[in-house]
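This report describes a sheet and the aromatic contacts around one of its strands. The sequence and the structure are shown first.

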Amino acid sequence: MHYSEKNPPASAAQIDTTAGHLALPTDAWIRTFWAFSDGAMLADLVKIHATHEILERQQTYEIAEYFPDHVLVGDDSGGRLILLERTTSPRFYLLDAGCPSIDDAEVYSSLEELVAAVVAGD
């Protein structure tokens, strides 16, 4: 995967604190990602939020109200949000920022698959 920008890993304390606020399981995909990179830009289009910015994004987009079983982990730099289920099995949802229903999202089984679709313009 092409990283346009890659931050250093988050500390275990940063990950635990942020994951606690988001009620994430210990083996959630985003926790593993933060241990590798505390936020990143992929293929100049897909942004994965860092531990210090993700809580604000949850509030800005009212994720808890509209998508309580999901966490907003990033965006596609074009008005679509990237949501992740709060389960141990990663499924990524790409959804227009103004859409109130998760049923309208495109679903991907990996971040690589999602990035490829965004790069292709899907």
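Is Trp29 buried or exposed? Trp29 is buried, with a relative accessible area of 18%; buried means under 20% relative accessible area, exposed over 50% and partly exposed in between, with a 1.4 Å probe and protein chains only.

## Basis of the values

The model is predicted: local features need pLDDT of at least 70, side-chain atom pairs count only at pLDDT 80 or more, and totals for chains, interfaces and linings use all residues. Residues are numbered from 1 along each chain as its sequence is written, and side-chain values use heavy atoms, with hydrogens and water left out.

## The sheet

Seven strands form an open sheet with antiparallel pairing, in the order S1-S2-S3-S4-S5-S6-S7. Strands (E, at least two residues) and helices (H or I, at least four) are DSSP runs numbered from the N terminus, and two strands pair if DSSP finds at least two bridges between them. Strand S1 (3-6) and S7 are at the edges with a single partner strand each, so one side of each has no neighbour in the sheet. From one strand to the next the twist averages 30°; axes are lines fitted to C-alpha atoms, for helices over the stretch in contact, and angles run from 0 to 180 degrees between N-to-C directions.

Helix H3 (residues 51-60) lies across strand S3 (46-48) and strand S4 (70-75), at about 110° to S4. Contact here means heavy atoms within 4.5 Å.

## Strand S6 and its partners

Strand S6 (residues 92-96) is largely enclosed by the rest of the structure, because four of its five residues are buried. S6 runs antiparallel to strand S5 (residues 80-85), joined by five bridges. Arg80 has Asp96 in S6 as its bridge partner, and Leu83 stands opposite Tyr93 in S6.

Three bridges pair S6 with strand S7 (residues 106-108), again in the antiparallel sense. Here Tyr93 stands opposite Val107 in S7.

## Aromatic contacts

Rings of Phe, Tyr and Trp (its six-membered ring) pair if their centres lie within 6.5 Å; planes under 30 degrees apart count as stacked, over 60 as edge-to-face and the rest as tilted. The count comes to four aromatic pairs. Trp29 and Phe92 form an edge-to-face pair, 4.9 Å centre to centre with 90° between the planes. Trp29 lies in helix H2 (residues 29-36) and Phe92 in strand S6, so the pair ties together parts 63 residues apart in sequence. Phe92 is buried at 1% relative accessibility.

One aromatic cluster is formed by Tyr3, Trp29, Phe33, Phe36 and Phe92.
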